[in-house]
Amino acid sequence: MSRFGIQLKLRLFMKHIARILILSLCVVISLTACRKNHHTPEQPQQKIPLSFSAQSQETAVKAGTEVFPHNDFGVLGIASQQGNDVPYILWGTDAMCQVTKSTAAGSEDYIPAADAYWFRGFEYTFFALAPYAATTSDIELGSASSPSLAFTYEMGDSCSDNGFMIATAAKKYDGTTGTSQEIIFWHFFAKIRINISFVGADGKPVENENNVVRGIRLCNVATKGSYVLSHADKPVLSDAVLDPTSLKDFSTSENDFTVSEPILYIIPQDISGFEMYIDFTMATEDGVGSSDNFKLNLNFADNSYYDYNKVYNWNITIGPKEAIGFNVTVNPWEDAEDDFEFPIE
């Protein structure tokens, strides 16, 4: 072979070696990046799969008066370990894992669609939204040092309860506790119950067939908001960042309220911008009078944020002396006995 041929062959060989080295370096960099973003702890013994035991918060408080109403939910989780800067992300950060009720006979467990495992010495924090169909891809999982879940929820055009619920749970796995994680769901919505009564000049209730509420409209209700969910001894939900384009009006005629006691559900929000209008007919000394679009003064003072899992009773009195009076009682969803009341001047 000529000297020129030998040189050409050597050049091609060196070029091939350089290409292999570059590809090997790329693989090493890729694997390093993966390890930075996701960490799976080593467990020398048999892997222990994680499952859930789900129930409604009302079940826990009222000893079984309400079972968890859904067959599935979505979950995200993060596990951290002291001295380890890289958290163990159980199912990824860009979508929730579906969890469904076990089909095994006699089992009450809920099983994730993708396996996750308990690792000794790790602190687990879970965030769940139910039902799974209501979960959104617009979510973001917080850091290991401050676990949280940012999500956006849109309730749509109906103020009827669609059953949306939230839950958090935390546990440090020491290898001796059970493998099923109890997770308790709370109602995401604030519930408003409107109680209307007619009274005479003496302030006492009056029953008359002409005393009728014909319609109620609640205006400027935000139906879409972004929240941050974190964990303490129960879920902690941040004040909403509301979408100003989501404001809607709800009325008895559109939502089939029971006029004597309308009930509606709203996403947690500041209600200081709400407006309420009533159509009613009332018997008077001069006959029967009526009023349409009577605007009620909703003055909530410093109690204008309606929180999740709370029931707000709007007690409206219609009478000939003071026209309409209004006050509010607030009940935790789980306990209808502890009322507090404040007057609306």
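Serine 158 is partly exposed, with a relative accessible area of 32%, in what is a predicted model. This serine sits in the loop that links strand 10 (149-154) to strand 11, and a polar atom of the side chain of serine 158 lies 3.1 Å from the backbone nitrogen of serine 160. Although serine 158 and tyrosine 265 are 107 residues apart along the chain, their C-alpha atoms are separated by 8.8 Å.

The side chain of threonine 168 makes a polar contact with the side chain of histidine 231, at 2.7 Å. When neighbours within four places in sequence are left aside, the residues in contact with threonine 168 include Phe126, Phe127, Ile183, Ile184, Leu229 and Pro235, as well as His231 itself.

The nonpolar residues can be considered next. In soluble globular proteins, nonpolar side chains tend to be buried together. Here the largest nonpolar core has 55 residues, of which Phe151, Ile166, Met276, Tyr306 and Trp314 touch the most other members. A second, separate core of 28 residues includes Phe52, Tyr110, Ala116 and Ile183, and Ile183 is also one of the residues in contact with threonine 168. Returning to methionine 276, and not counting residues up to four places away in sequence, one finds that this side of the picture includes Ile194, Ile216, Leu218, Phe294, Trp314 and Ile316 among the residues that methionine 276 touches, together with Arg217 and Lys295.

Methods:
Residues numbered from 1 in each chain as written. Predicted model: local features only at pLDDT ≥ 70, side-chain atom pairs only at ≥ 80, totals over all residues. Heavy atoms only, no water. Polar contact = N/O pair within 3.5 Å; in protein donor to acceptor, adjacent residues only side chain to side chain. Contact = heavy atoms within 4.5 Å. Core = buried A, V, L, I, M, F, W, Y, C linked by side-chain atoms within 4.5 Å. Buried < 20%, exposed > 50% of the residue type's maximum accessible area, 1.4 Å probe, protein only. Helix = DSSP H or I, 4+ residues; strand = E, 2+ residues; numbered from the N terminus.
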